Amino acid sequence: MGNQVNLESILEDLDATSALEDLQEISVALRDTLKINHIVYHWVDSAGDQYGCGTYSDDWVERYVEQNYHRTDPVILGCFQRFHPVDWKRMDWSTKAAKVFLKDALDHGVGNQGYSIPIRGPKGQFALFTANHVCSDEEWAEFTQAFGRDLILIAHYFNRKALEFETNRQPEQSRSLSPREVDAMTLLALGYNRAQIAHSLSISEHTLRVYIESARFKLGALNTTHAIARALSRGLIVV
């Protein structure tokens, strides 16, 4: 599975792109070069609008949007809490909603193996770049070891181009939140309590309170609920 990736050529092609359609063509070319089933770039904004390109079937893309799966997709939910690439096997697939989602995905041609790279852009922008395939755990471990670094670089090139093409989708200008403030507000918006957030971020509840109050001040919010609403409406966090 996979062969020697001509990374320089792929990056040159990405630099030369001028429209989303070009990114779609590069997704197909990269998929074929790596000899895997799918390559996908996926951006979900604060309003739930979804944008991207990739090689999943049109039926699955339509099904995903119709069912609002971005709210229950374990990959998206898990990657919100991470900054490093994640193998799908490390996600929590134990809930009823996750099991329903997984069965539907497999029925629509999504592979059993996945490797997703979280991307955090300007003003809270969040996206994922994913490699997906059908194979054994051993084969997939060999693939991610061989191509993981290349995929990280390519993922950020994809995101840079997406931001260039879709300037109207970039979050509105606002006083920036720090990465930790974004994490704290995102997890609050997802319904985590403060103890859970502190544990997830490996910080004390006192430190968490500092981040939340700092974010509230920057957003000009009256309370935490108001701060979450403002962060969502301005695209600073995505849920």
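Colleague: Buried means under 20% relative accessible area, exposed means over 50%, and partly exposed is anything in between (1.4 Å probe, protein chains only). So which of those is N68?

Modeller: N68 is partly exposed, at a relative accessible area of 40%. Bear in mind that this is a predicted model, where local features need pLDDT of at least 70 and side-chain atom pairs count only at pLDDT 80 or more, while totals for chains, interfaces and linings use all residues. Residues are numbered from 1 along each chain as its sequence is written, and side-chain values use heavy atoms, with hydrogens and water left out.

Colleague: Where is N68 found?

Modeller: In the loop between α3 and α4 (74-79). Helices (H or I, at least four residues) and strands (E, at least two) are DSSP runs, numbered from the N terminus. N68 has a positive phi of about 50° although it is not a glycine. Most residues other than glycine have a negative phi.

Colleague: What about K35, buried or exposed?

Modeller: K35 counts as exposed, at 51% relative accessibility. That residue lies in the loop between α2 (20-34) and β1 (38-44), and K35 also has a positive phi, about 60°, without being a glycine.

Colleague: OK, big picture. How many helices and strands does the protein have?

Modeller: The secondary structure comes to 10 helices and five strands. Of the 239 residues, 46% are buried. As for contacts (heavy atoms within 4.5 Å), residues 24 or more positions apart account for 66% of those with a separation of 6 or more.

Colleague: What order do the strands take in the sheet?

Modeller: The order is β2-β1-β5-β4-β3, an open sheet of five strands with antiparallel pairing. Two strands pair if DSSP finds at least two bridges between them. β2 (50-54) and β3 (86-87) are the edge strands, each pairing on one side only.

Colleague: And how many bridges join β3 to β4?

Modeller: Two bridges, with β3 and β4 (residues 113-120) running antiparallel. V86 stands opposite S116 in β4.

Colleague: Switching to aromatics. How many aromatic pairs are there?

Modeller: The structure holds 12 of them. Rings of Phe, Tyr and Trp (its six-membered ring) pair if their centres lie within 6.5 Å; planes under 30 degrees apart count as stacked, over 60 as edge-to-face and the rest as tilted. Take W60 and F101: their ring centres are 5.8 Å apart and their planes sit at 50°, so this pair is tilted. W60 is in helix α3 (residues 58-66) and F101 in helix α5 (residues 96-107), 41 residues apart, so the pair links distant parts of the chain. Both W60 and F101 are buried.

Colleague: How far apart are the ring centres of F129 and F158?

Modeller: They are 5.0 Å apart, with the planes at 45°, so that pair is tilted too. F129 in strand β5 (residues 126-133) and F158 in helix α6 (residues 137-165) are 29 residues apart, and both are buried.

Colleague: Which residues do ring pairs link into a cluster?

Modeller: W60, Y64, Y69, W88, W93 and F101. Elsewhere, the charged end of R160 sits over the ring of Y157, 4.8 Å from its centre. That call needs NZ of Lys or CZ of Arg within 6 Å of the ring centre and within 35 degrees of the ring normal.

Colleague: Now helix α9. Which of its residues are buried?

Modeller: L208, I212, A215 and L219. Seen down the axis, the buried residues of α9 fall within an arc of 65° (taken from the directions from the helix axis to the C-beta atoms), so they line one face. H206 and F217 are exposed on the other side of α9.

Colleague: What do those buried residues of α9 pack against?

Modeller: They pack against α7 (179-189), α8 (194-201) and α10 (224-233). Just after α9, G220 takes a positive phi of about 65°.

Colleague: And which residues are buried in α10?

Modeller: T224, A227, I228 and A231. They fall within an arc of 100° seen down the axis of α10, so they line one face of the helix. T225 and S233 are exposed on the other side.

Colleague: Last one: E181, buried or exposed?

Modeller: E181 is buried, with a relative accessible area of 4%. Its place is in helix α7. Leaving aside neighbours within four places in sequence, E181 is in contact with S176, Y211, S214, A215 and K218.
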